[in-house]
Amino acid sequence: IYLIGSSKNCINSSEYLYSFHNVKNTPAPFFNLDEEYEVQKAVKTFIKERVVQSAHDCADGGLFVTLLEKSMPNGFGFDIESVDDVRLDAFLFGEAQGRVVVSVIEAFRDNFIEFMSVSDVPFTLLGHTTKGRLSVDGHDYGMVEEYKDIFDNAIGKMMGVHA
């Protein structure tokens, strides 16, 4: 699992900031149009060349939610490491733009790394997929099925409708 683009120390206007810290009305999250263009150009090229197995933008909820959304359909999990120069909450839940998470098949890893190395787009190895377990920096966050149940049934439970 790789992150295309760079993590930012930014939690502005994030769901995390609003929902867990009750902070409203913050500036927009980080966005740089030139960086976004380069990220999207790279993503378009390696999808076209079939170098990646999947790609998903980081948006609402940040990286952790993106990884969950990628994991839930097939029951996969993830084991990732954060980066040292970004706060953990910003790394996992910041909604700064210009980031895409990709999964690369082992056989195409060298092609992917070669392609990214000659581009001007930063990329980071986050970790690897698992058989459902979720782990960040060696800390266990349970199984993807638990999150999928919450995701699939939250609105129904709030409305008193049981699935």
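Tutor: Buried means under 20% relative accessible area, exposed means over 50%, and partly exposed is what lies in between, using a 1.4 Å probe and protein chains only. With that in hand, N22 counts as exposed because its relative accessible area is 55%. Before going further: this is a predicted model, where local features need pLDDT of at least 70 and side-chain atom pairs count only at pLDDT 80 or more, while totals for chains, interfaces and linings use all residues. Residues are numbered from 1 along each chain as its sequence is written, and side-chain values use heavy atoms, with hydrogens and water left out.

N22 sits in the loop between helix 1 and helix 2; helices here are DSSP runs of H or I with at least four residues, strands are E runs of at least two, and both are numbered from the N terminus. Its phi is near 55 degrees, which is positive even though N22 isn't a glycine. R50 is in the loop between helix 2 and strand 2, and it counts as exposed because its relative accessibility is 68%. On helix 2 itself you'll find K41, which is partly exposed because its relative accessible area is 39%. K41 and V121 are 80 residues apart in sequence, yet their C-alpha atoms are 9.5 Å apart in space.

Four strands make an open, antiparallel sheet in the order 2-4-1-5, where two strands pair if DSSP finds at least two bridges between them. Strand 2 (54-57) and strand 5 (123-125) are the edges, each pairing on one side only. From one strand to the next, the twist averages 20 degrees; axes are lines fitted to C-alpha atoms, for helices over the stretch in contact, and angles between N-to-C directions run from 0 to 180 degrees.

Go through the pairs one by one. Strand 2 and strand 4 run antiparallel over 4 bridges, with H56 standing opposite V101. Strand 4 then meets strand 1 in the antiparallel sense over 3 bridges, and there I4 faces V100. Strand 1 (residues 2-4) also pairs with strand 5, again antiparallel and over 3 bridges, and L3 stands opposite T124 in strand 5. Helix 2 (residues 33-48) packs on this sheet and touches strand 1, strand 2 and strand 4 (100-103), at about 20 degrees to the direction of strand 4; contact means heavy atoms within 4.5 Å. Helix 3 (residues 62-71) lies across strand 1, strand 2 and strand 4 as well, running at about 140 degrees to strand 2.

Strand 3 and strand 7 pair in the parallel sense over 3 bridges, and I80 stands opposite V136 in strand 7.

Finally, the inside. A nonpolar core is a set of buried Ala, Val, Leu, Ile, Met, Phe, Trp, Tyr and Cys residues joined through side-chain atoms within 4.5 Å. The largest one has 23 residues, and L63, F78, I80 and F91 touch the most other members. Helix 1 (15-21), helix 3, strand 3 (77-80), helix 4 (88-93) and strand 7 (133-136) each give two or more residues to this core. Helix 3 has the largest share, 4 residues. Apart from this core lies another, of 14 residues, including Y2, A42, V52 and M116. As for F78, leaving aside neighbours within four places in sequence, its contacts include I1, F64, L67, L68, L134 and V136.
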